[in-house]
Amino acid sequence: MNREVRTALGGAFGLVVLIVAFVGLVRYLVPSILGAPFSFSLIAAVAVAVLGVLVLCWAGWRLWVWVVRSFNR
């Protein structure tokens, strides 16, 4: 397979994974923490949401770096 095609498919797959992870974070993980019966559930949900978004931003940045380096070879 051509290098450009492989890089484009890898970048597209990585983008889809990031979008699915974000939807899973917002739709399932944070509401399940908010519904938990303990007193600090709001604080825990906010912390998980912020850390989750930061991890997704970091993963997107690493994906971008990989795509740029792959195209520059």
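Trp-58 sits in helix α2, and its C-alpha atom is separated by 19 Å from that of Val-30, which lies 28 residues away along the chain.

Before going on, please keep in mind that this is a predicted model, in which local features need pLDDT of at least 70 and side-chain atom pairs count only at pLDDT 80 or more, while totals for chains, interfaces and linings use all residues. Residues are numbered from 1 along each chain as its sequence is written, and side-chain values use heavy atoms, leaving out hydrogens and water.

Now to the whole chain, which has two helices and zero strands, these being DSSP runs (H or I of at least four residues for helices, E of at least two for strands) numbered from the N terminus. The axes of α1, residues 3-34, and α2, residues 41-72, come within 10 Å and cross at roughly 180°, and the two helices are therefore roughly antiparallel to each other, a term that applies to angles over 145 degrees.

As for overall form, the C-alpha trace spans about 55 × 15 × 10 Å along its principal axes. Buried residues make up 21% of the 73 residues in the chain.

Definitions and conventions
Buried < 20%, exposed > 50% of the residue type's maximum accessible area, 1.4 Å probe, protein only. Axes fitted to C-alpha atoms, helices over the stretch in contact; angles between N-to-C directions. Parallel < 35°, antiparallel > 145°, perpendicular 65-115°, else oblique.
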